[in-house]
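User: I have a model open and want to go through a few of its features. Can you take my questions as they come?

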Amino acid sequence: MKNALLRLREASPSLSAAEQQIARYITENPEEATLLTVRELAQRTFTSPSSVVRVCRSVGFDGYKELRRALVGELAALGDKGRHSEQEITAEDDIRDIVYKVTQKNIQSLTDSQKLLSPETVEQCAHLLDQCRSVLLFGLGSSLCVAHDTYLKFLRLNKPCLIVDDWHAQLISAQNATPQDVAIAFSYSGQTVEVITCMEALKKNGTPIIAITRYSPSRVAELADYNLYIAANESLFRNGAMSSRIAQLNVIDILYTAYARLHYEDTLRALTRTHIYKPGEPEDSAP
């Protein structure tokens, strides 16, 4: 089932002002929205039926009828759990509040991302990585930290992988890429100019691109051949990557595991061979 509320919430920042008004009305009044026609919803939001249809199509539905059916099923599945509610960090919060709220935001981000992630796309990406000559990684800021984690994971399995911190060096690696390579681009916003520039160079060279980005229309999602979507519930207290970073790391764990499964016995041997023993650790304790 397509998750209408989640898709509307994730895509809302990229919509026009009128379309955001429609998305906000539906997410704040889902039960009522299931009873409205497209014209009635347009009247309630002071917009037009065509705007309502555009919103529906921008989040992956053919029209308002399909979105409304998905909404009915989603509300039935939620039952007494209720809809997702924001719990922002405030100045009055003590440490216990912060521990609870940040943890809940991260949990919600992982749960929402699971709903957006396509198992078929994950499998296609795993086979693509298995067949490629090398894996090229692109990202800046907190996404670069996730790229480094990806590099270490594939390094354990002796899969040729390239990550550089300098953006100019990333662009050069994109310009040198071939169709035999695979690129993984990390950008939660989907709007990171430097990453987009690298992706445009990769497209010119015919290099397949996997993007790990939020579920929202963006240049990054448009340029990618395969999109592994994530959700994030960032706190307004910090305008930066928190739950989005956790969601990106989770997708990499999934992709890495799917790739490793393709050669299970070889994976076990590689992990044993590359295990770095700690002082006093018995040599038969390697994974």
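User: Where does Phe 46 sit?

Analyst: Phe 46 is in the loop between α4 (38–44) and α5 (49–58). Bear in mind that this is a predicted model.

User: Is Phe 46 buried or exposed?

Analyst: Phe 46 counts as exposed, because its relative accessibility is 74% and the exposed class begins over 50%.

User: What about the phi of Phe 46?

Analyst: Phe 46 is not a glycine, yet its phi is positive, at about 55°. For background, most residues other than glycine have a negative phi.

User: And what is phi at Asn 158?

Analyst: Asn 158 has a phi near 60°, again a positive value in a residue other than glycine. Asn 158 is placed in the loop between α9 and β2 (161–162). With 60% relative accessibility, Asn 158 counts as exposed.

User: Switching to α9 itself. At what angle do α9 and α13 pack?

Analyst: Helix α9 (residues 142–156) packs with helix α13 (residues 243–261) at about 20°, and their axes are 10 Å apart. That angle makes α9 roughly parallel to α13, since angles under 35 degrees are put in that class.

User: Left-handed or right-handed crossing?

Analyst: The crossing of α9 past α13 is right-handed.

User: Which residues make the contact?

Analyst: From α9 they are Ser 143, Val 146, Asp 149, Thr 150, Lys 153 and Phe 154. On the α13 side they are Arg 245, Gln 248, Leu 249, Ile 252, Asp 253, Tyr 256 and Tyr 259.

User: How many of the residues in the contact of α9 with α13 are nonpolar, polar and charged?

Analyst: The contact of α9 with α13 has six nonpolar, three polar and four charged residues.

User: Buried or exposed, for Ser 12?

Analyst: Ser 12 counts as buried, because its relative accessibility is 18% and the cut-off is under 20%.

User: Now the whole protein. How many helices and strands?

Analyst: There are 14 helices and five strands. Of the 287 residues, 46% are buried. The accessible surface comes to about 15,000 Å², with 54% of it belonging to carbon and sulfur atoms.

User: And what share of contacts joins residues at least 24 apart?

Analyst: That share is 70%, among contacts between residues at least 6 apart in sequence.

Key
Residues numbered from 1 in each chain as written. Predicted model: local features only at pLDDT ≥ 70, side-chain atom pairs only at ≥ 80, totals over all residues. Heavy atoms only, no water. Axes fitted to C-alpha atoms, helices over the stretch in contact; angles between N-to-C directions. Helix = DSSP H or I, 4+ residues; strand = E, 2+ residues; numbered from the N terminus. Parallel < 35°, antiparallel > 145°, perpendicular 65-115°, else oblique. Left-handed = near helix turned anticlockwise from the far one by under 90°. Contact = heavy atoms within 4.5 Å. Nonpolar A, V, L, I, M, F, W, Y, C, P; charged D, E, K, R; others polar. Buried < 20%, exposed > 50% of the residue type's maximum accessible area, 1.4 Å probe, protein only. Areas by Shrake-Rupley, 256 points an atom, 1.4 Å probe, with all protein chains shown as cover.
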